Amino acid sequence: MRATQLASTDALWLLNPYFFQNFLPKPANCQLAFGKPAPDFLLQSVDEKTYQLSSFRGKSVVLIFTRIFTGKQRRSICAPYILALSEIYPQFLSLGAELLIVGSTSLRDSKIIQKELSISAPFLSDSSCSSFRLYGTGKALGAPLPAQFVIDSEGRLRFQHLFSLAHTHATAARLLWAVRNL
């Protein structure tokens, strides 16, 4: 599926309780300190495996928080970004890093997204958004904001990029640079 096909002008999906609970914006407010342990979490992937961040000790992790949705509800800035990261997933692996993508959708919807976009990296579901809050990603217009983090092999935070209107995501090249320079 092409990135240009992913955007939609249909706004009816907005009329749901989740959107209204999260409507008022809350800017990113990450209180995590560089060089300190990254907060641990336990989430289920679309292949129904359980992932715990602390289980990756000995390997670096590129942690991607996304606000991508299914079908007509897809965000135009996140879907192409996830497609780009999925294409370079083997490069992260060759550098000894795992790429974990965390979405705020239900496990059912996350499975649809993974299938539609052919995401090769582990795609984790966090419909409660607890990991988003743990990392202080912020929220706006019904969903948590995207953010990216790089965690070293000892579980310490080494890089973060929080959403801004000027720079919505850390580029794939920047994330590769962060992993190479751990």
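Residues are numbered from 1 along each chain as its sequence is written. Because the model is predicted, local features need pLDDT of at least 70 and side-chain atom pairs count only at pLDDT 80 or more, while totals for chains, interfaces and linings use all residues; side-chain values use heavy atoms, without hydrogens and water. The average pLDDT of the protein (the predictor's confidence in each residue, from 0 to 100) is 84, and 81% of the residues score at least 70. Residues 1–10 have a pLDDT below 50, and this stretch makes 15 contacts in the model beyond near neighbours in sequence, a contact being heavy atoms within 4.5 Å.

Seven strands form an open sheet with mixed pairing, in the order E2-E1-E5-E4-E3-E8-E9. Strands (E, at least two residues) and helices (H or I, at least four) are DSSP runs numbered from the N terminus, and two strands pair if DSSP finds at least two bridges between them. At the edges of the sheet are strand E2 (50–52) and strand E9 (157–162), each of which pairs on one side only. From one strand to the next the twist averages 30°, where axes are lines fitted to C-alpha atoms, for helices over the stretch in contact, and angles run from 0 to 180 degrees between N-to-C directions.

Strand E1 (residues 42–45) is antiparallel to strand E5 (residues 123–125), with 2 bridges; Gln 44 has Ser 125 in E5 as its bridge partner. Helix H4 (residues 107–117) packs on the sheet, where it touches E1 and E5, and its direction makes about 160° with that of E5. Helix H2 (residues 78–87) lies across strands E3 (60–66), E4 (97–103) and E8 (147–151), and runs at about 160° to E3.

E8 and E9 are also paired in the antiparallel sense, over 5 bridges, and Ile 151 has Leu 157 in E9 as its bridge partner. The hairpin of E8 and E9 has 5 residues between the strands, and Gly 155 takes a positive phi near 85° there.

A cavity is a set of points on a 1 Å grid over the protein atoms alone where a 1.4 Å probe fits but cannot get out, and lining residues have an atom within 4 Å of a point. The structure holds 1 cavity of 30 Å³ or more. The largest cavity contains about 50 Å³ of space, the volume being that filled by probe spheres set on the points, which are joined across faces, edges and corners. Its lining comprises 4 nonpolar, 2 polar and 3 charged residues, with Ala, Val, Leu, Ile, Met, Phe, Trp, Tyr, Cys and Pro counted as nonpolar, Asp, Glu, Lys and Arg as charged, and the others, Gly among them, as polar.

Notes
1 Å grid on protein atoms, 1.4 Å probe; cavity = no way out; pocket = protein on both sides within 12 Å on 5 of 7 lines; lining within 4 Å.
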